[in-house]
Amino acid sequence: MNNRNTPQPSYRKLQGYAFDPSLSIKIDTALLNSMVYKIPWECLQHGPVGDYLEVIDWDPSSKAFYRPVDLEDPALLAQDGLPPSESNPQFHQQMVYAVAMTTIKNFEKALGRSINWSPKRNPSGSESEYVRRLRIYPHALREANAYYSPIKKSVLFGYFDATPERPEMTMPGGTVYTCLSHDIIAHEITHALLDGMHRRYVEATHEDSLAFHEAFADIVALFQHFTFDKVLEEQIAKTRGNLGSQNLLGQLAQEFGKAIGHYGSLRDALGEINRETKLWEPKKPNTTDYQLIMEPHERGSILVSAIFETFINIYTRRIADLQRIASGGSGILPEGSLHPDIVHRMAREASKSAGHILRMCVRALDYCPPMDITYGDYLRALITADYDMMQDDEKNYRIALIEAFQRRGIYPEKIRNMSVESLLCRTEENTDQLETKFKDLIEFFKLFKEKISYLTDREQIFNITKTFITGGRLPPASATNNLKPMAISGLHEELFRQDLIGSGDFERITGLILKGDDVEQLGIGLSKISWAKRKPKIEIHNFKLVNRVSPDGSVVNQIILTITQRRGVVCVEDDFGNVRVDGFYVPAFDVTHYYKKTGNNPTRQEFTLTKINKRVTPDPVPGSEAVLPDGYFIFRGGSTLIFDLDYGASRDKMKLKYAITKNIDDEERMKKQYRIMFGTPDNSLNATYFGDAKTNLEAEPFAIIHKAL
Ligand SMILES: [Zn+2]
């Protein structure tokens, strides 16, 4: 094809809607709603099918495949793809591809590395099958729904007939395609991206778990609006620079919201339409919502508004000088339109602050605990991630964030005060003693860095990382040399080989149970790997090399490592609603023993043992004599560890810089999780969304949450 040695283009331009089709039929938004997405160039097969995504246009309700769009067609290349059209399925395919890729690239930019989808479980239960492409079905459902399926590794979009509150809002009976809404696409892809980084976050173990998933997906969709220059300038001109007033940028899914009978958009980060007056009013933060609201989207909007308020605060301070210039020093803008130059400069400030916040929000994911995330944990992650990138906070981003969370009554647990200093997830212990014990690990991490640094293919990175975790043979550096594959022991083995484990410090820092003869009685399984006989089972999910370039230009090499453990716990509740931990079992397909806690010896836990002779998971057999007591569930603990490589004066040391830990032995957390899973329907998320709490933790969380959104 290319015989003129022309370099590949950097971008592919694709036309699309900035919001959704409904804004193209209103005169004041029609112009700004059509935009051109700029996607980093990749060769595409019909579909489109690229390196990250595979658009498959099968419509089950009409039992038809729509012809896949060919974006390599010269006619389409020459005109930035198909023009926006509600009736052309090929444009729908182009639109989902354009927005999904935009979202992926924003993530990669913030993280400084390529993303992966969460791996598929193979039948044996170990999750190791690589997923190169997320599947996207633009016309999968005939209902007002769209969702990410963690099991199918797909995003399914629905379409439906509108039933608007007032006919002038949307044509009644007109078809609404969720795959044409920027906000819905970005939201769903973000669920998939978040699942790729933290696959335990789809488990509803805390009121905040699913709400966090929802909030985060909305935050990404919202802040992407600020990368649309034309929209940004228009909205700044319209609101005369006041982005805290009602505007398109702070609203999500206009068409969808109106089509299902809302007065306005589906969600609005800034305000809401008063049901009585039908007028828009700004939302005032309060500390009761966080205590009372449990529905994931509504609870999610508390976090979204905290982040959005932070942005508005920072933006407002950044444009204060421009306002003074435009108002001749008074700060009060004269009547009439702003000068286009002022609008342009304000838009630049808005886009800079929004970009900073979006990157901060995504980067914070690296500093989150591996499971059971709360809003308080996320605040700490945001502060730590930002601090780790730059120690100075000239623009006061961190203070603004803390304030916004405080105004909503969101406080991290076990924190003495809300200062930046105490919110940082620094390891509390003096880790100097550990440093000497890391010596062998340093070599292991450096080898990992050496093997992984120059790889670009996502699957290759995944496979080599897997070998580093489990042990095995690394492929030779290049296919042409005759070197033999190099055998390495895995990280599992490396960790247990260290006298690290013996000291007890590592246990304390990671919140895991790593030694002792009685780990089975504590509900923790023993490893089946031969060299690790009688060692407690651990799972390593993440092992990543991260290069962070800080604003002063220095490069920091970090290793991020996630170690987790699971434990079978049984809680019982008395008639007065008091919950206590009754005992433990080792989670497995066939549970063999139940260890009930007895005695009150404070220094040593004692157990009585019941043999379980029936299969209890996933379906307990009712009526059999020996089954687990009701109220059993899988409880997880563990830690996200962040190491600085190249540490110390001669850059030959390594430092454990941050440990973000959820203790596996935390009985308060066990009781809390029990209440979430088995509590009265009002406060049991699982009863509301999943029916049977025990079996459905890993089913389709978003299909149910998103119904009628
Ligand atoms: Zn969602």
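Two strands are said to pair if DSSP finds at least two bridges between them. Helices (H or I, at least four residues) and strands (E, at least two) are DSSP runs, numbered from the N terminus. The model is a predicted one, in which local features need pLDDT of at least 70 and side-chain atom pairs count only at pLDDT 80 or more, while totals for chains, interfaces and linings use all residues. Residues are numbered from 1 along each chain as its sequence is written, and side-chain values use heavy atoms, with hydrogens and water left out.

**The strands E1 and E2**

Select Tyr17 together with Ser34, its bridge partner in E2. Strands E1 and E2 pair in the antiparallel sense over seven bridges. Strand E1 (residues 11–17) is mostly covered, since five of its seven residues are buried; buried means under 20% relative accessible area, exposed over 50%, and partly exposed in between (1.4 Å probe, protein chains only).

**Backbone points in loops**

Next, select Gly47 and Pro48, which are joined by a cis peptide bond with omega of about -5°. Pro48 belongs to the loop between strand E2 (34–40) and strand E3 (53–55).

Move to Lys63, in the loop between strand E4 (58–59) and strand E5 (64–65). Lys63 is not a glycine, yet its phi is positive, at about 45°. Is Lys63 buried or exposed? Lys63 counts as exposed, at 67% relative accessibility.

Then select Asp372, where phi is also positive, near 60°, in a residue other than glycine. The loop that holds Asp372 runs between helix H11 (340–363) and helix H12 (375–389). Asp372 is buried, with a relative accessible area of 6%.

**The nonpolar cores**

A nonpolar core is a set of buried Ala, Val, Leu, Ile, Met, Phe, Trp, Tyr and Cys residues joined through side-chain atoms within 4.5 Å. Select Ile307, Phe311 and Tyr378, which touch the most other members of the largest core, a set of 145 residues. Helix H3 (residues 89–111) gives the most to this core, with twelve residues. For a separate core of 35 residues, select Ile452, Leu495, Ile538 and Phe643, which are among its members.

**Confidence**

Finally, colour by pLDDT, the predictor's confidence in each residue, from 0 to 100. The protein chain averages 83, and 86% of the residues score at least 70. Among its elements, E3 has the highest mean pLDDT (97) and helix H22 (residues 685–690) the lowest (48). Where pLDDT is low, the predicted coordinates should not be read in detail.
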